[in-house]
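Please look over the sequence and the structure below before reading on. The report that follows takes up a few parts of the chain in turn.

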Amino acid sequence: MNDKKLEEKEKPQKVGMCLSGGGYRATLFHLGALWRLNEFGMLPKIDRYSSVSGGSIMAAWLGYKWASLEFDENGAAVNFEKEIVAPIRAFTCKKIDYLVMLFGLLNPFKKIGDLLSEAYQRHLFGNATLQDLPEKPEFIFDASNAQSGVLWEFSRKRMGDYRVGYVNHPKQLLAQAVAASSAFPPFLSPVILNLRESDFAKGTGSDLKTKAFRTRVVLMDGGVYDNMGLEPVIKDFDTVLVSDAGGKMQPIERPKIFWGLQVFRIISITDNQVRALRKRQVIGMYKQGERLGTYWGTFSHIADYKADGALNCPPEETLKLAKLTTRLWTYSRKNQERLINWGYAICDAAIRKHVDAALPSATDFPYAGGVGNGG
């Protein structure tokens with residue numbers, strides 16, 4: 001990776017951060033990473049947050065509460081634990097996915113995507129809309145458009161995709177945007193937007209500017225197209241920070257033969273390939289000097305960063321955390337804290353090694369016990 005510091009570039013720096021999908025595992029891991037970035041005073045220096053699925057839960061809450069954060073002279077929010085950490089920990093104790101699927105099956109008049117949106121609305125965002133997000137930094141929540149086959153973006157500025165077109169200053173519920181970003185197929189998808197052709201800005205869109213594509217938009221988890229949320233950042237930003245809590249496909253000796261069950265393996269293979277390609281893309285750009293920044297993930301080994309003063313994170317313990325199931329279903333209190341600790345520690349090492357070596361090392365984990373036995 002490129003070891004240059006942010007300030008070494010002559011032109012004005014644009015910094016983007018990507019928060020991957022991965023259910024509550026991702027939400028908690030990213031919470032730990034953002035906790036450490038806040039201590040570094042870096043949160044206000046990030047111009048754009050792009051997120052997917054479980055990462056969108058975390059990013060949307062950060063955006064929703066941005067106006068409530070009290071930043072000191074170093075750029076650190078002194079009330080971060082109260083406004084961000086405590087509510088997210090409380091939310092990730094909620095059992096969402098099975099309940100949404102169950103009620104969706106039992107209620108023929110409710111779409112599963114609507115139930116997912118209502119759960120986020122009830123437990124987190126209320127009636128907040130995309131217009132309640134700050135102008136700066138910019139928050140983008142990524143979904144996959146099942147009709148156009150490309151990334152559909154939700155932000156305060158606009159929503160849409162390059163093929164269908166864009167709606168300027170959308171008033172969609174923030175809960176619906178997060179639901180679309182995290183509507184994992186086939187269980188929690190789709191989220192359907194009922195729009196009007198007149199909602200779309202003139203001159204936007206390329207080849208799918210028709211009524212069929214604009215009035216009933218069918219969306220699913222952004223990870224189907226881009227599990228790390230790289231696309232809204234990688235093309236336009238000089239510095240790219242990537243927090244990746246996605247999983248890895250595990251080999252199995254006897255895959256299911258029945259065609260109805262093969263679909264789950266196919267989804268895993270596709271997700272694994274998309275993730276691998278995106279990771280190679282961003283790391284290749286670091287190595288070629290095309291972008292500054294750093295990547296860290298749940299499957300990373302902290303020793304690989306060779307950062308002085310890195311916290312003790314035994315790989316046999318962090319691997320257990322990386323392999324926790326990808327769900328919107330609560331973990332034990334200890335695993336919640338270990339995931340937060342792991343995100344905090346690996347972000348600390350990655351930032352100090354590849355972004356700014358002058359930053360102080362962390363003195364301890366946010367929670368006692370580190371990442372597990374020996375941590």
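Which backbone oxygen does the side chain of Trp61 reach? In this model, which is predicted, the side chain of Trp61 reaches the backbone oxygen of Glu83, at 2.9 Å.

Trp61 belongs to helix 2, which covers residues 54-64, and with a relative accessible area of 7% Trp61 is buried. Leaving aside neighbours within four places in sequence, Trp61 is in contact with Glu83, Ile84, Pro87, Ile88, Leu124 and Phe125.

**Salt bridges**

Side chains of opposite charge can pair when their charged atoms come close. The count of salt bridges in this model comes to 15, and the table gives some of them.

| Pair | N to O distance |
|---|---|
| Lys65 and Glu83 | 3.0 Å |
| Arg89 and Glu337 | 3.3 Å |
| Glu337 and Arg333 | 3.2 Å |

Glu83, whose backbone oxygen is reached by Trp61, also meets Lys65 through its side chain in a salt bridge. This pair links distant parts of the chain, with Lys65 in the loop between helix 2 and helix 3 and Glu83 in helix 3 itself, 18 residues apart. Lys65 counts as buried because its relative accessible area is 17%, under the 20% limit, and Glu83, at 13%, is buried as well.

The pair of Arg89 and Glu337 joins helix 3 to helix 12 across 248 residues of the chain, and both of these residues are buried. Glu337 also forms a salt bridge with Arg333; because the two are 4 residues apart in helix 12, they are separated by about one helical turn. Glu337 has a relative accessibility of 8% and is buried, whereas Arg333, at 52%, counts as exposed. Elsewhere, salt bridges that share partners join Arg36, Glu39, Asp348 and Arg352 into one network.

**Core and surface**

The largest nonpolar core has 106 residues, of which Phe154 and Trp296 touch the most other members. Helix 12, spanning residues 333-354, gives the most to this core, with 10 residues. Beyond four places in sequence, the contacts of Trp296 include Met17, Phe29, Tyr305, Ile346 and Ile351.

Leu99 is found in helix 4, residues 97-106, and is partly exposed at 38% relative accessibility.

Terms used. Residues numbered from 1 in each chain as written. Predicted model: local features only at pLDDT ≥ 70, side-chain atom pairs only at ≥ 80, totals over all residues. Heavy atoms only, no water. Core = buried A, V, L, I, M, F, W, Y, C linked by side-chain atoms within 4.5 Å. Buried < 20%, exposed > 50% of the residue type's maximum accessible area, 1.4 Å probe, protein only. Contact = heavy atoms within 4.5 Å. Polar contact = N/O pair within 3.5 Å; in protein donor to acceptor, adjacent residues only side chain to side chain. Salt bridge = Lys/Arg side-chain N within 4 Å of Asp/Glu carboxyl O.
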